[in-house]
Amino acid sequence: MKGSKRPIHAVTTWVRRQPPKMKAFLAVLSGLAALLFLRIFVHDHDSLFVAAELVHALGISVLIYKLTREKTCAGLSLKSQELTAMFLGVRLYCSFVMEYDIHTLLDMATLVTTLWVIYMIRFKLKSSYMDDKDNLAMYYVVIPCAVLSLLIHPTTRHHPLNRILWAFCVYLEAVSVLPQLRVMQNAKIVEPFTAHYVFALGVARFLSCAHWVLQVFQLLLSFYHLILQIRIQIYCNVPEMCGM
């Protein structure tokens with residue numbers, strides 16, 4: 001057992017000693033390697049989105065355990081929970097009007113538990129809430145996502161408002177963890193349950209991002225194959241080029 005831990009410890013120690021630019025490069029390289037792994041071994045990309053929602057639900061379960069057992073919300077960001085409830089509410093609406101499937105049920109369950117966490121922080125455990133540490137203004141997060149969703153949103157057969165709302169919840173999901181990171185930075189002490197929750201959020205965000213990246217890659221690949229087939233047909237329709 002000790003022998004198996006030594007290489008891992010050596011690698012983590014080496015990574016910690018690297019300068020910030022090297023760490024960023026290694027993070028990007030690891031992300032690309034993980035995307036390549038998922039591209040090769042995961043054929044149903046929709047399962048990545050389901051996995052992201054399940055991991056997010058697992059992270060919420062860690063929070064529930066912390067709130068019910070330790071009776072404290074110290075180290076947690078109320079604003080992150082409110083942003084999470086916001087994008088889940090918007091995504092739940094989009095799921096109802098655009099595509100009602102298992103994602104709708106998962107989002108509904110996660111939204112209910114997130115609202116429960118918000119209720120506990122606001123009312124039951126308010127005395128342990130670090131209000132002064134949770135100081136990232138929500139409009140710094142919400143307004144850029146709203147503007148970006150107006151400018152960049154998917155082009156589908158659905159109503160333009162629904163497409164804008166869908167893009168908004170995708171962008172907001174990606175940055176909803178920022179207030180929580182700000183609390184951890186201000187507090188300078190990370191509790192184990194909070195660390196596990198943030199780790200689960202990171203994994204969920206990566207899987208969700210991987211789902212969209214691989215979907216776009218598949219779309220571009222299909223478009224390239226279509227253009228190639230059209231060129232081949234045009235090429236073969238000219239007798240001189242086909243040797244006829």
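Is Asp-132 buried or exposed? Select Asp-132 to find out: at 55% relative accessibility this residue counts as exposed. The terms used here are buried for under 20% relative accessible area, exposed for over 50%, and partly exposed in between (1.4 Å probe, protein chains only).

This is a predicted model, in which local features need pLDDT of at least 70 and side-chain atom pairs count only at pLDDT 80 or more, while totals for chains, interfaces and linings use all residues. Residues are numbered from 1 along each chain as its sequence is written, and side-chain values use heavy atoms, with hydrogens and water left out.

**Confidence**

Colour the chain by pLDDT, the predictor's confidence in each residue, from 0 to 100. The chain has a mean pLDDT of 79, and 71% of its residues reach 70 or more. Helices (H or I, at least four residues) and strands (E, at least two) are DSSP runs, numbered from the N terminus. Among the elements of the chain, the lowest mean pLDDT, 62, belongs to helix H1 (residues 2–16), and the highest, 92, to helix H6 (residues 139–151). Where pLDDT is low, the predicted coordinates should not be read in detail.

**Salt bridges**

A salt bridge is a side-chain nitrogen of Lys or Arg within 4 Å of a carboxyl oxygen of Asp or Glu. The count by this rule is five.

Lys-133 is partly exposed, with a relative accessible area of 24%.

Next, select Glu-82 and Arg-122, whose side chains form a salt bridge of 2.6 Å, N to O. This pair links distant parts of the chain, 40 residues apart, with Glu-82 in helix H4 (residues 78–98) and Arg-122 in helix H5 (residues 102–124). Glu-82 counts as buried at 17% relative accessibility, whereas Arg-122 is partly exposed at 40%.

Then move to Arg-91 and Asp-107, where the closest N and O atoms of the salt bridge are 2.9 Å apart. Because Arg-91 lies in helix H4 and Asp-107 in helix H5, the pair ties together parts that are 16 residues apart in sequence. Arg-91 and Asp-107 are both buried.

**Ser-80**

Go back to helix H4 and select Ser-80. Ser-80 is buried, with a relative accessible area of 2%. A polar atom of its side chain lies 2.8 Å from the backbone oxygen of Ser-176. Contact means heavy atoms within 4.5 Å. Leaving aside neighbours within four places in sequence, Ser-80 is in contact with Ser-176, Val-177, Leu-178, Pro-179 and Gln-180.

**Cysteines**

How many disulfides does the structure hold? The number is zero, a disulfide being a pair of cysteine sulfur atoms within 2.5 Å. Select Cys-169, which is in no disulfide; the nearest cysteine sulfur, that of Cys-94, is 5.2 Å away. Cys-169 is buried at 1% relative accessibility, and Cys-73 is buried at 0%.

**Annotated spans**

Finish with the UniProt record, an unreviewed entry, which lists residues 24–42, 48–68, 104–123, 135–152 and 193–214 under "transmembrane region". UniProt positions are given in the numbering used here, feature names are shortened, and annotations may be inferred rather than shown by experiment. Select residues 48–68: the span is 100% helix and 0% strand, with its end C-alpha atoms 30 Å apart. Residues 104–123 are 100% helix and 0% strand, and the end C-alpha atoms lie 28 Å apart.

Technical notes:
Polar contact = N/O pair within 3.5 Å; in protein donor to acceptor, adjacent residues only side chain to side chain.
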